[in-house]
Amino acid sequence: MTDQNVQAGKTSMDDIKRVAWAACNTFRGLIDPAEYKDYILIMLFLKFISDVWKQHLEDNLRDLKGDEVRVQRRMQRERFVMPEGSTFDELHAARDSDNIGERVDIALEAIESTNKAKLGGVFRNVSFNSATKLGETKDRNRRIKNLLDDFAKLDLRPGHVVEDEAIGEAYIYLIERFASEAGKKAGEFYTPLQVSRVLAKLVAPKSGERICDPACGSGSLLIETAYEVGSKDFALFGQEVNGGTHALAKLNMFLHDIDGARIEWGDTLNNPQLIEDDKLAVFDIVVANPPFSLKKWGGNEKTEDGKPKPDRFNRWHRGLPPPSTGDWAFITHMVETAKPKLGRVAVVVPHGVLFRGGAEGKIREAMIRENLLDAVIGLPSNLFQSTSIPVAVLVFDRRREKSGARAETTDVLFIDASRDFKQAKTQNILESAHTAKIIETYNTRKDVERYARDVPAREIAENGFNLNIPRYVDTFEAETEVDVRAVQVEIEQLEAELLKVRERMVGYLKELGVDA
């Protein structure tokens with residue numbers, strides 16, 4: 001810890017980041033970052049809830065003057081309950097035991113089963129007793145002991161941490177760092193914060209609204225969108241296909257004190273879990289950074305008589321997206337789950353979504369004809385850990401539907417923000433000014449030379465419903481016209497000067513008695 005914080009006796013966010021990141025040394029070279037992130041984040045979570053529990057127990061013992069019956073009764077009404085033998089301190093005390101991996105697993109299982117409503121399934125994909133991941137018994141025990149010793153350095157009791165949001169922010173920071181190390185695998189669990197902020201500000205959620213991410217990863221985009229509300233008056237929903245990442249999202253919500261979030265585990269396209277009254281649940285805001293061009297997403301399933309298997313919720317009524325590319329399947333799902341005449345959608349897509357033909361072209365045309373598409377925004381390349389390709393954001397607004405509040409708006413705003421970024425060592429960065437420029441342009445919908453243009457739907461139709469941004473925003477910068485006559489005069493002057501220099505040189509050589 002820093003000297004200042006040692007004096008203050010408190011833990012800072014930087015202390016948490018430093019200890020957690022240093023703890024990764026236990027796993028580096030053993031398993032890759034996409035796997036060891038789970039061990040680090042779960043141990044941080046266990047330390048946090050254990051310290052909160054310990055502090056509340058001490059407070060209650062003091063307030064109730066040691067009346068253990070009343071204290072236990074009050075502790076059972078806490079936000080969560082820690083079963084006996086499951087706290088971090090108890091596991092740390094047992095760190096030299098021969099079966100410490102098994103003890104940690106038993107403790108996590110007990111925490112889950114005691115707090116099923118909030119923490120059900122969050123530890124299902126991690127075993128601290130796995131020989132495959134952590135080595136044979138002796139090596140495994142040593143690694144877990146190191147991990148417990150590292151996190152024992154942190155004091156995460158309420159009132160002993162400097163910043164109120166330190167745990168949640170440190171958790172997000174670690175996910176971002178793990179994403180940076182995980183490379184291509186990062187796309188499975190993390191949307192860069194800078195991109196999340198753009199989406200959150202584009203959809204501008206308001207108090208009381210329902211916000212959903214149907215491909216929520218670790219939940220960072222959902223949380224960033226919720227922050228944009230400016231209060232706790234929102235409801236969050238998400239679905240994630242990867243079990244381990246789904247667990248990270250639930251822990252993320254818990255650490256950000258968002259207990260009411262409904263985060264489901266499953267395949268959104270083939271088995272949507274956010275259902276209400278046997279129908280797809282609908283939301284005011286739908287945001288996502290779904291997998292790019294997902295192959296075999298399920299669009300080729302057939303009935304017994306060989307016909308395409310119908311969707312239970314009739315999502316593909318504009319056409320079935322091709323089985324080899326799931327982009328428009330995710331987009332269609334998002335639009336269908338936005339509230340009719342109210343919902344707003346923002347989705348990150350690869351550029352192929354803007355111009356590919358076939359079934360995708362027909363779906364794109366249908367959505368434009370229905371006046372659903374509000375904006376197409378091109379972002380710089382190399383913003384993601386998982387890919388260097390440039391991406392775009394599509395904004396749909398169901399208030400533009402017939403009799404909706406924006407039914408009179410029929411133009412589509414195109415923004416080419418691909419050249420506005422700061423070049424960093426390994427990735428490009430969208431700075432606050434770049435994001436602010438995008439959002440101001442989106443809100444004012446004014447044309448900006450070589451940057452943005454509000455395009456009539458008629459013009460898009462004339463272009464065959466192709467949304468390729470250069471068709472609408474001309475970013476060409478003409479080179480300065482060359483004055484050929486002036487260049488010729490300059491050449492003649494230079495030749496004349498060269499002739500004089502040569503004549504002088506001949507004279508000098510003669511004076512020296514050297515033949516020219």
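1. Is arginine 445 buried or exposed? Arginine 445 is buried, since its relative accessible area is 17%; buried here denotes under 20% relative accessible area, exposed over 50%, and partly exposed the range in between, with a 1.4 Å probe and protein chains only.

2. The model is predicted, so local features require pLDDT of at least 70 and side-chain atom pairs count only at pLDDT 80 or more, while totals for chains, interfaces and linings use all residues. Residues are numbered from 1 along each chain as its sequence is written, and side-chain values use heavy atoms, with hydrogens and water left out.

3. Across the whole structure, 42 salt bridges are found, a salt bridge being a side-chain nitrogen of Lys or Arg within 4 Å of a carboxyl oxygen of Asp or Glu. One of them joins arginine 445 to aspartate 454, at 3.5 Å from N to O. Through shared partners, salt bridges link Asp374, Asp397, Arg399, Arg400, Arg406, Arg445 and Asp454 into one network.

4. A further salt bridge pairs lysine 47 with aspartate 51, with 2.7 Å between the closest N and O atoms. Both residues belong to helix 3 (residues 33-63) and stand 4 residues apart, about one turn of the helix; helices are DSSP runs of H or I with at least four residues, numbered from the N terminus. Lysine 47 is buried at 3% relative accessibility, and aspartate 51 is buried at 1%.

5. Aspartate 96 and lysine 145 also form a salt bridge, their closest N and O atoms lying 3.1 Å apart. Because aspartate 96 sits in the loop between helix 5 (88-93) and helix 6 (100-114) and lysine 145 in helix 9 (residues 137-151), the pair ties together parts 49 residues apart in sequence. Aspartate 96 is exposed, at 54% relative accessible area, whereas lysine 145 is partly exposed, at 30%.

6. The largest nonpolar core contains 63 residues, and Ile16, Ile40, Phe128 and Phe151 have the most contacts inside it. Such a core is a set of buried Ala, Val, Leu, Ile, Met, Phe, Trp, Tyr and Cys residues joined through side-chain atoms within 4.5 Å. Helices that each supply at least two residues of this core include helix 2 (13-23), helix 10 (166-182) and helix 13 (243-255). Helix 3 gives the most, with 13 residues.

7. Leaving aside residues up to four places away in sequence, isoleucine 16 touches Thr11, Leu44, Leu154, Leu156, Val161, Ala166, Ile167 and Ala170, where contact means heavy atoms within 4.5 Å. A second, separate core has 40 residues, among them Phe234, Leu379, Val391 and Tyr442.
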